[in-house]
Every structure is written in structure tokens, then in C-alpha cells.
Amino acid sequence: MKNAFGCGSPEHAVSRRTFLAGTAGALGALSFGGMVQLAAAKELEQQQRRVLVVWLNGGASQLETWDPKPGTDTGGPFLPINTTAPGVQICELLPHTAKMMHHVALVRGINTAEDDHGKGAYIMHTGRRPEPAMQWPHLGSICSKLLRSPDNPLPGYIHITPKANGSVNAEDAAFLGPRHASVALSDGTAPANILRPENLTEEADRERQQLRAKANERFERGRHNADTEAYTYSYDQAAQLMERRGIFDINKEPPRVRDQYGTHDFGRHCLMARRLLEGGATFVKVSHTNYDTHHENFDFHIQQLGEFDRPFATLLDDLHQRGMLESTLVVVMSEFGRTPIINRNFGRDHWSKAWSVAVAGCGIKGGAVAGKTNANGTAVTDREVNGGHLFQTYFKAVGLDPKKSHYVDQRPIPMTDPKANVIQEVLA
């Protein structure tokens, strides 16, 4: 079914409705030395840097979220509200998020100069403008490469998608190789075929895996490359995932927790994201759709942000209460914002010249604001930045050097746009 209010681009072919054990005994048996090792392992695990991206697909309006303009010709009908960050106001459609803004920083001076859905999404995922001769890796693939432990059984880049969109997208990884491609969990469900068939015994499965390993070893002696390595790795990873399949089951959470997140799709997906991050995932992306509000922008933002607000605030608080927020960078972004001018259909169109992104958690100064737009939100008046600046800031926040290079065939390729720099105002 065609989107009744979106722009009809291929990116929005999916309709909005489509989306809409015994540790105590083990510890008792530990020696003092074993307890020290366990404590050290837990501390190391807490120091792991993780990234969570909440993708507001279609282009959320900055005026109805992070940069309201009340009382102006572009402001719309909603009022700003105070937040737990002194002096920072956001739109009244985000009352739960307002209570968490002491953890959140805002970048209000973004100008990516690209109003096309596909190209805008590319810029926000890679920090680069599209180039005919170069495919740049997504942030998730870079985090998989640089932050993920080699013995982590979870995919390095997990995307919790709307229904019927589960797949592996090798293009996301570009020159980093297929091992770092995104793995999509369709509607937040576990990967397919994660259970061992009932008629296959554990012993038979072990013998089968041993035979596969020998065949792979023989094959790779003369044909070893990135693709064969990724193929072998995917089977090894699948075997490890089968042992940890419970991580994908949100029904293991107490009913009270499930109720806090909500039973609709986005709430379930946020809870799944928290379980994955807590279980060791390096990079998780959760998509919420569809914000492409060319028609009836205000009504649709009431509904969309009504779904977004409470689960997102719950997720931030949950990460904080579990001691994970300080090691988890959280980014809320879209492919662009929406026009300050309200069109004849009471909608807002694509707008990349002055819009906002929210960041929180690891390395971020909660309550900070970088950049400023003019009175009616039509232009950036202070601290204009683009996708390259955002990428450098993400790198710095999780402890990576944004000035370093990848090496492909011994050729250095800058990890981030060398013409950009860090947005220091939002960093702790």
C-alpha cells in the first residue's frame, strides 16, 4: 500500500502501518583468585564501548522535536516545554524525553545540504557525501570493525527493522568486508533457524560442525579471501548464537519492564535493543517509521512521537539504571529535517539546511547544546556543522581517533572526513 502522506520515494515503499543460569553455585565455588578474575572481567565488560542509533525514518521535524519555534510563522501549533537540562526546551510532544534531557545533548546547527532521502541517509550513516568511485562504510560497520571483540558471537552491526525487512546488507560495510555487514532482525525477531532441529542430536550436530570445519580448512588453503573468510565466520557465529538464543526473547523480561517500554512495535524493538546491548552487542540500530510528513505533519507527529517518546525515555533511563549509559553512545537522527514553511497540505517537506540531532551517553555532556538557528528556523546562525562533523564527534565520544586511517591494500583511507572537526561543545 502506498504511503498516503510521504513523498513516494523507494525508501518509503513500506506503509507506516507495516512497521506500526546457576551463578550463585558457581560463585560459591570460586577461589579468591577466581573472584578477582571475575571482577576484572566484569569491569572490562563495562568498559566496552557500544553505540545505539535510533533512526527516525523519513525525516523527523526539528520544529516538532528538538528545536521548537513558538509564536513564529513557521512554529506550528505546539508549545515548547522545559526539561531537566537548565535552559533547554524541546517540543511538548516529548514530555517523557524532557525528563531525561540532562543526559542528552543537542546539535541544532546541522546543514547537510541534501534533500534526497537516499543521499541524505547515506550522509548520516557514513559521514560522507556520495561519490561515484567510492563506497564508504556505515558507522555500524566501522564500530563492528573497531569496537567489537573478536570472540563476540553477536553480529557487529545489528539493525532492528520494520516487518518483512530482515536481511544482510553487505554494501553497508563497503571496503571493510562482508564480516562487518549489517544483519537485520525483521520486526525485532531472532535470526531464522537459530534452533537445532529436534531430530538432530547434540552429538550429531557436533560431528557435522567438525566435518564442516575440516572442509572449510581444506577449501581455504587455495582460495582464501575476504568472502570465504566471512562465509566460514558466519557458520561459526551461527553456532555460537544458537547457544545464546535467549538474548532475542523479550518475554524473558518481567511484565513490569515490558509494560514500561510498551507493547507496540517501537517499544518492543527498544527493549530488544537494550537486551542486545546488555548481552554484548557493539552496534544496534532501531528504526521508527514514517516521518515523511508532506501531508498533515502535525497530526502525524502527534502519533509518531506519541509512539517514540515513552519507549525512548524508558530506554535511556534503563541504560542509566543498569550502569550502561556511560559506555553506550546513543544517537537519534534522520536523513534530514523538515521545512520550516508549512505547505498547503499542512505538511512539511524535506529540509537539510537547518535541523537537529540528539546524542546521549558515552562521552557526551548531558544538557549541552551546539549550534543555533534563526528565529523561524530557516537558517543556521551559529556553529554550522555537517555529517562529517557528526562522525568525528561520534568517534571521539567512544574513544576512537577520528584522524586515523583505514588501510586497504596498504593504501590509507581517512576514517572520517578530514575537512571536518569534532563538535567539542557536546563532548564531556
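Strand 12 contributes the most to the lining of the largest cavity, with three residues. The structure is a predicted model, and every value below is computed from it.

**Cavities**

The volume of the largest cavity is about 80 Å³. The lining consists of L56, A60, S61, Q62, T65, W66, V332, M333, S334, W355, S356 and V357. Divided by class, the lining of the largest cavity holds seven nonpolar and five polar residues, with no charged residues.

**Helix packing**

| Helix pair | Angle | Axis distance |
|---|---|---|
| Helix 10 (residues 265–278) and helix 11 (residues 297–321) | about 20 degrees | 9 Å |
| Helix 5 (residues 117–126) and helix 12 (residues 387–397) | about 30 degrees | 8 Å |
| Helix 6 (residues 139–146) and helix 12 | roughly 25 degrees | within 12 Å |

Helix 10 and helix 11 pack at about 20 degrees; angles under 35 degrees count as roughly parallel, and the two helices are therefore roughly parallel to each other. The crossing of helix 10 past helix 11 is right-handed. On the side of helix 10, the residues in contact are F266, G267, C270, R274 and L277, and they meet E307, F308, P311, F312, L315, D318 and L319 of helix 11. This contact comprises eight nonpolar, one polar and three charged residues.

Helix 12 takes part in the other two pairs, with helix 5 and with helix 6. With an angle of about 30 degrees between them, helix 5 and helix 12 are therefore roughly parallel as well. Helix 5 supplies I123, M124, H125 and T126 to the contact, while helix 12 supplies G387, L390 and F391. The contact of helix 5 with helix 12 has four nonpolar and three polar residues, and no charged ones.

Helix 6 and helix 12 cross at roughly 25 degrees, and they are therefore also roughly parallel to each other. Their crossing is right-handed. L139, I142 and L146 of helix 6 make the contact with F391, Y394 and F395 of helix 12. By class, the contact of helix 6 with helix 12 has six nonpolar residues, with no polar and no charged residues.

Most residues other than glycine have a negative phi, and most peptide bonds are trans. Two places in this model depart from these patterns. The peptide bond from T289 to N290 is cis, and its omega is near 15 degrees. N290 lies in the loop between strand 8 (283–289) and helix 11. A174, although not a glycine, has a positive phi of about 50 degrees. The loop that holds A174 runs between strand 6 (168–169) and strand 7 (182–186).

Key:
Residues numbered from 1 in each chain as written. Predicted model: local features only at pLDDT ≥ 70, side-chain atom pairs only at ≥ 80, totals over all residues. Heavy atoms only, no water. 1 Å grid on protein atoms, 1.4 Å probe; cavity = no way out; pocket = protein on both sides within 12 Å on 5 of 7 lines; lining within 4 Å. Points joined across faces, edges and corners; volume = space filled by probe spheres on them. Helix = DSSP H or I, 4+ residues; strand = E, 2+ residues; numbered from the N terminus. Nonpolar A, V, L, I, M, F, W, Y, C, P; charged D, E, K, R; others polar. Axes fitted to C-alpha atoms, helices over the stretch in contact; angles between N-to-C directions. Parallel < 35°, antiparallel > 145°, perpendicular 65-115°, else oblique. Left-handed = near helix turned anticlockwise from the far one by under 90°. Contact = heavy atoms within 4.5 Å.
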